[in-house]
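Here's a quick tour of this model, from its packing to its ligand shell. Have a look at it first, then read on.

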Amino acid sequence: MSNNGKRPRRVVQLSDTATYVLPYLYPAELSAISLTCKTLHLIAKSVTAARSSDACRNTEKVPIPFINSTADSHPYTYFIYTPTQVLSFSDAPPRQPWGSSSLEQPDLGLILPPTLEDGSRCECERCDSESVGCPCSRQNFPGLIWECGSGCMCDLGCANRVSQRGISIRLKIVRSQRKGWGLHADQFIPSGEFICEYAGELLTTKEARKRQQTYDKLKSTNKHTSALLVVREHLPSGNTCMRINIDATRIGNVARFINHSCDGGNLSTVLVRSSSALLPRVCFFASQDILKDQELTFSYGDSGLNPNGSKCFCGTGCCTGIMPSELT
Ligand SMILES: C[S@@+](CC[C@H](N)C(=O)[O-])C[C@H]1O[C@@H](n2cnc3c(N)ncnc32)[C@H](O)[C@@H]1O
């Protein structure tokens, strides 16, 4: 026996440990550590290559790469990936290695029991014919869709769960000089196709206002873009409006890269409600046929609301020249 009769010690290589630890680092930490030695430099380089090859960190059905052929050399934008909405983190969000989207949060789809409506029956092909209260039997309105959810008898294969299966169309995140990153089609997308959810941290209005103020200050440095979306749902009574604040700046999905277009763009924003879920999810569907390489855009709102907003470069015939921004 070697090592004076003791059990041989496992030699932990620097490269083994670094390969495990470096994917957790923020970009500034990664670049600092890559300066320390050749081994760490090579590992940091491979982490950067993995990050820029798939913004979704291997968690969606298809990779969504960053593509930058402008003069600046940003290989990617760093954010924590979540495929769906999460409750807000008051402190810094947890670190996340590439290839993981778990944020250890309660399942927002299970907050409320399903609302049962007497006599309503599920009509989708997967649900049990005896199930009641299934959203299949509810009426969709413009801008609102009812989908089956965890309160139904069906599984994710149900035809009435289109927006719950993640992203399956080919997309890419392309950098432009004036608008920064933008989400583009990497295949033909027919009108009506589900694109993706607007995933991010769900904020109270108080927190949303606080963060918007911080983002507005940071924006003046020209180095920071934020992705705080405010959507209002008009409740059936007609008198009440529910405000949903989703911040994808620190934690989100690729919807955070969708730029504004004054002509309304080629995406429609739809609220999707499902059984057992307290809050609707904000989802994007193609509002027209979209060609490969075309940029995906939607209207952020009415630019007349904030005449001091920043410059718009949507390039459409009806461009107002000013980006809409939420007056919080
Ligand atoms: C939700 S982010 C979209 C992704 C962003 N372009 C990026 O690089 O991360 C919103 C920001 O993108 C930029 N942006 C979006 N649409 C734009 C437009 N039509 N013209 C100029 N800038 C735009 C603005 O800086 C805005 O604050």
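## Packing around Phe-284

Setting aside neighbours within four places in sequence, Phe-284 is in contact with Ile-195, Cys-196, Tyr-198, Ala-255, Leu-267, Thr-269 and Phe-298 (contact: C-beta atoms, placed from the backbone, within 7 Å). Bear in mind that this is a predicted model: local features need pLDDT of at least 70, side-chain atom pairs count only at pLDDT 80 or more, and totals for chains, interfaces and linings use all residues. Numbering runs from 1 along each chain as its sequence is written.

## Cores

Phe-284 also turns up, with Ile-173, Tyr-198, Val-254 and Ala-255, among the residues with the most contacts inside the largest nonpolar core, which has 45 residues. A core here is a set of buried Ala, Val, Leu, Ile, Met, Phe, Trp, Tyr and Cys residues joined through C-beta atoms within 7 Å; buried means 20 or more other C-beta atoms within 10 Å of a residue's own, with C-beta atoms placed from the backbone. Strand β10 (residues 241-252) supplies the largest share of this core, four residues (strands are DSSP E runs of at least two residues, numbered from the N terminus).

## A three-stranded sheet

There's an open sheet ordered β1-β5-β6, with mixed pairing (strands pair if DSSP finds at least two bridges between them). β1 (66-67) and β6 sit at the edges with a single partner strand each, so one side of each has no neighbour in the sheet. β5 (residues 171-176) pairs with β6 in the antiparallel sense over six bridges, and Val-174 has Gly-182 in β6 as its bridge partner.

## Ligand shell

β6 shows up again here, giving the most to the shell around the ligand, with three residues. Of the 15 residues around the ligand, Gly-180, Trp-181, Ala-227, Asn-259 and His-260 come nearest (the cut-off is a C-beta atom, placed from the backbone, within 6 Å of the molecule).

Conventions
Buried ≥ 20, exposed ≤ 12 C-beta atoms within 10 Å, placed from the backbone. Contact = placed C-beta atoms within 7 Å.
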